[in-house]
Amino acid sequence: MTKTSSFSAPKGVPDYVPPGSAEFVAVRDGLLNAARLAGYGHIELPIFEDTELFARGVGESTDVVSKEMFTFSDRSERSVTLRPEGTAGVMRAVIEHGLDRGQLPVKLSYAGPFFRYERPQKGRYRQLQQVGVEAIGVDDPALDAEVIAVADAGFRSLGLTGFRLEITSLGDDTCRPQYRERLQEFLFGLDLDAETRRRAEINPLRVLDDKRPEIREMTDDAPLMLDHLSESAKNHFDRVLGHLDGLGVRYVLNPRMVRGLDYYTKTTFEFVHDGLGAQSGIGGGGRYDGLMAELGGQALSGIGFGLGVDRTVLALAAEGVGVGDPARCEVFGVPLGDAAKQRMVVLAGELRAAGISVDLVYGERGVKGAMKAADRSGARYTLILGDRDLTEQTIGLKDMRTGDQRQIPLAEIVTTLSGRP
Ligand code: HAM
């Protein structure tokens, strides 16, 4: 094996380091706040699972499964895959733990890394971070609206505004097969290149999403699923839109929407941001009424979303919105000399036990260097402890905002600082 003198992160995998990492954490946690307010409980899932779960759950014909999975054999020659998305794993866990036999809907949320072997570019990574929710077991348009409103509120709570919600219905078992045939009939009547014709055979809906102007023009009059919904799918969709109107969630219909995962039925949606270039989808989701049965569970319906944390961080930057405070302690300790260092280490422990965040100067810095470190730390207060202070049992407390410095009895410093803003 050749030795490398230095390492870098794997291709297409972003690192988040301070101070930017504070923004990442604020986005990840902020996006799920709205879910907490709607009663979604946390689920923590394996990063890798049986390959078959994703092949069956996400769909063999999707790009995600056919081209993008990180699949390998473990030491017992079992085929495992780094999770490319969250929904299939949630279903597996719900079935395995019998959550579907309790109170319905089962409402769950999750956050973490997912893996897709895509060609890396801005906003498209091989390790991507998502937060998601799934609401399983009740086929109620009000639940669709709740899920969508929770995602919308998550983005808005961060201060993001330059996005739109696109929504459509992909129909159900009673109308989709006929529509698919009708669309294929239309597409086969066009003068399509071989590659596009092949796509029309495998997944005709994807041809409607083709961005090339000549294909756009040819498919202008193509039949759309929204115009061919069954009575019950149409009724469901109309009620979802009615609830969204009631909630004040704005949306635009996009009857040509195509999602990259096979399990969607009925309500399907995407959040699109205009400041991101090609990778503009900051979140997406929808109903997946056949998925649980497909994975060996009961025939229960479900709906959920996945929001891209990485892309939301980029979208906020594109809008010039800052979120999250970089890690910063309230108090910074400057001990001058060995004995003072020993006392300061103990004092830092006491202050932290009292809930006050403290950092110290480490190493041999000298007074000037230590005060510079205090300044740079951004702490509100600096504690300065020298040999003479130790003899007198006092400590210097400097307010870094005003520059005022006072001597406080050492025995009182924890209570003094506890009472301060
Ligand atoms: P998805 O649309 O494949 O849905 O992914 C959701 C979001 O993850 C996307 O909108 C995008 O923001 C982000 N994302 C996806 N791939 C990448 C990538 N390579 N780099 C950066 N960000 C990416 C799902 O995964 C479904 N499981 C969502 C869902 C839950 N549907 C129902 N329940």
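This is a predicted model: local features need pLDDT of at least 70, side-chain atom pairs count only at pLDDT 80 or more; totals for chains, interfaces and linings use all residues.
User: How many residues of strand 9 are buried?

Analyst: Take buried as under 20% relative accessible area. Strand 9 (residues 265-273) has nine of its nine residues buried.

User: In what order do the eight strands of the open sheet run?

Analyst: Read the order as 1-5-6-11-10-9-7-8, with mixed pairing. Strand 1 (41-42) and strand 8 (252-253) stand at the edges. Each has a single partner strand, so one side of each lacks a neighbour in the sheet.

User: How many bridges join strand 6 to strand 11?

Analyst: Seven bridges join strand 6 (residues 127-136) to strand 11 (residues 302-308), and the two run antiparallel. Val 133 has Phe 305 of strand 11 as its bridge partner.

User: Now helices. Why is helix 4 called largely enclosed?

Analyst: First the general idea: an α-helix has 3.6 residues a turn, so residues three or four places apart point the same way. Now the case. Eight of the ten residues of helix 4 (residues 87-96) are buried, so the rest of the structure largely encloses helix 4. Among the buried residues are Met 91 and Arg 92.

User: What covers the buried residues of helix 4?

Analyst: The cover includes strand 2 (48-50), helix 2 (51-58), strand 5 (106-115), strand 6 and helix 11 (291-294). After helix 4 comes Gly 98, with a positive phi near 65°.

User: Step back to the whole protein. How many helices and strands are there?

Analyst: The protein has 16 helices and 16 strands. Its radius of gyration is 28 Å, well over the 22 Å that the globule rule gives for 421 residues, so the protein is more spread out than a compact globule. The C-alpha trace spans about 95 × 60 × 45 Å along its principal axes. Buried residues make up 48% of the 421.

User: How far apart are the mean positions of the positive and negative charges?

Analyst: They are 6 Å apart, for 51 positive and 61 negative charges.

How values were computed:
Residues are numbered from 1 along each chain as its sequence is written. Side-chain values use heavy atoms; hydrogens and water are left out. Helices (H or I, at least four residues) and strands (E, at least two) are DSSP runs, numbered from the N terminus. The radius of gyration is taken over C-alpha atoms; the globule rule is 2.2 Å times the number of residues to the power 0.38. Buried means under 20% relative accessible area, exposed over 50%, partly exposed in between (1.4 Å probe, protein chains only). Lys and Arg count as positive and Asp and Glu as negative; His and the chain ends are not counted. The place of a charge is taken as NZ of Lys, CZ of Arg, CG of Asp or CD of Glu. Two strands pair if DSSP finds at least two bridges between them. Contact means heavy atoms within 4.5 Å.
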